[in-house]
Amino acid sequence: MLKKILKYSLSYKTINFFYKIYIKILLKLPKYDTSQIFWNQNTVDSPNDGFKNIDESLEHLSWRNNQYINSAQNMKFDNADKKIVLDYGCGPGNGLVNIIMNGKPRKIIAIDVSEKAIKLAKKRMLLHKIDVEFIKINEKERIESIKNDSVDVIKCDGVLHHIDDIDFTLKEFNRIIKKDGCINLMIYNKNSVWNYLHVGYELKIKRGLFTDFSDEEIFRMSTDGFRCPVSRCFTPDEFKKICKRNKFSSKLINISISKFEMSKISLIQEAITCKDLDQGKKDFLKRITLNRNGIPMYNQNVAGINSYFELRKI
């Protein structure tokens, strides 16, 4: 509510001024040493005391899914029917509800580093009357309670880019997934409007909010909160190399763009003509085209922040 009041009652320059002060205050606060500590104290959008009923849970899920165009379809939530499925990084249970709305798995396992998230997800699953095995983990330790070659499907929606050691996690995936199993995951896409336009131009140059920070640092602070210690993005080719060295074949299923990114498209031409924007970013933005639905495309892929992959054992 406060953001809406500020947006319509204050000038752009005034809002920017207060944002700079706000950012300076946040940056003076103690840093989270690890991503795990951060997510133990912060969760994705969810009521602090959980959802009151199923309708409220489903309404929130619909809202969240719709923030990223075709996100639920791209995660292939319908491929877990009659299978043993693991939701890695379950958060407050959005993925779990997506899974149960698209099939009837034989068994559901949900794990997270956050006790707070697991508590919220447990309460949500009780509302939906779904039996789920919850496991609190340390992202840097082997998950002893899950046996080798025991899981048919792993869902990992927006988690890997927040993990310090992606290789360790993928090795765990390789250990627990069955030989013919599959992994569906979302990871932040570097070739995106978010990275090149919102981060590289709007936040750093147009608004001047992060002039002393690298693009990587600005990206980290712009996605999941200024104080989130780990938030990275990868081109499809970069992530495929990571998968290959961990003995997975990988296929880019699709990319989703956020409604937030769609609201920034009008800045593209302005950014291209900006003398302060480096040539590499200009070249990227010049190559963006709009498809018949008005979705920005780059190299025949959607130029959005969420890239979706399917992984299988090599």
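The questions and answers below concern strands and cores.

This is a predicted model, in which local features need pLDDT of at least 70 and side-chain atom pairs count only at pLDDT 80 or more, while totals for chains, interfaces and linings use all residues. Residues are numbered from 1 along each chain as its sequence is written, and side-chain values use heavy atoms, with hydrogens and water left out.

Q: How many residues of strand β5 are buried?
A: Strands are DSSP runs (E, at least two residues), numbered from the N terminus. Buried means under 20% relative accessible area with a 1.4 Å probe, protein chains only. Strand β5 covers residues 177–188 and is largely enclosed by the rest of the structure, because the buried ones number nine of the 12.

Q: Which residue of β5 is the bridge partner of Asp-157?
A: Two strands pair if DSSP finds at least two bridges between them. Strand β4 (residues 151–157) runs parallel to β5, and six bridges join them. Within β5, the partner of Asp-157 is Met-186.

Q: Which residue of β10 is the bridge partner of Asn-184?
A: Strand β10 (residues 306–313) is antiparallel to β5, with six bridges between the two. Asn-184 has as its partner in β10 Glu-310.

Q: How many residues does the largest nonpolar core have?
A: Such a core is a set of buried Ala, Val, Leu, Ile, Met, Phe, Trp, Tyr and Cys residues joined through side-chain atoms within 4.5 Å. Those with the most contacts inside the largest one include Ile-154, Leu-185 and Leu-311. Its residue count is 57.

Conventions
Buried < 20%, exposed > 50% of the residue type's maximum accessible area, 1.4 Å probe, protein only. Helix = DSSP H or I, 4+ residues; strand = E, 2+ residues; numbered from the N terminus.
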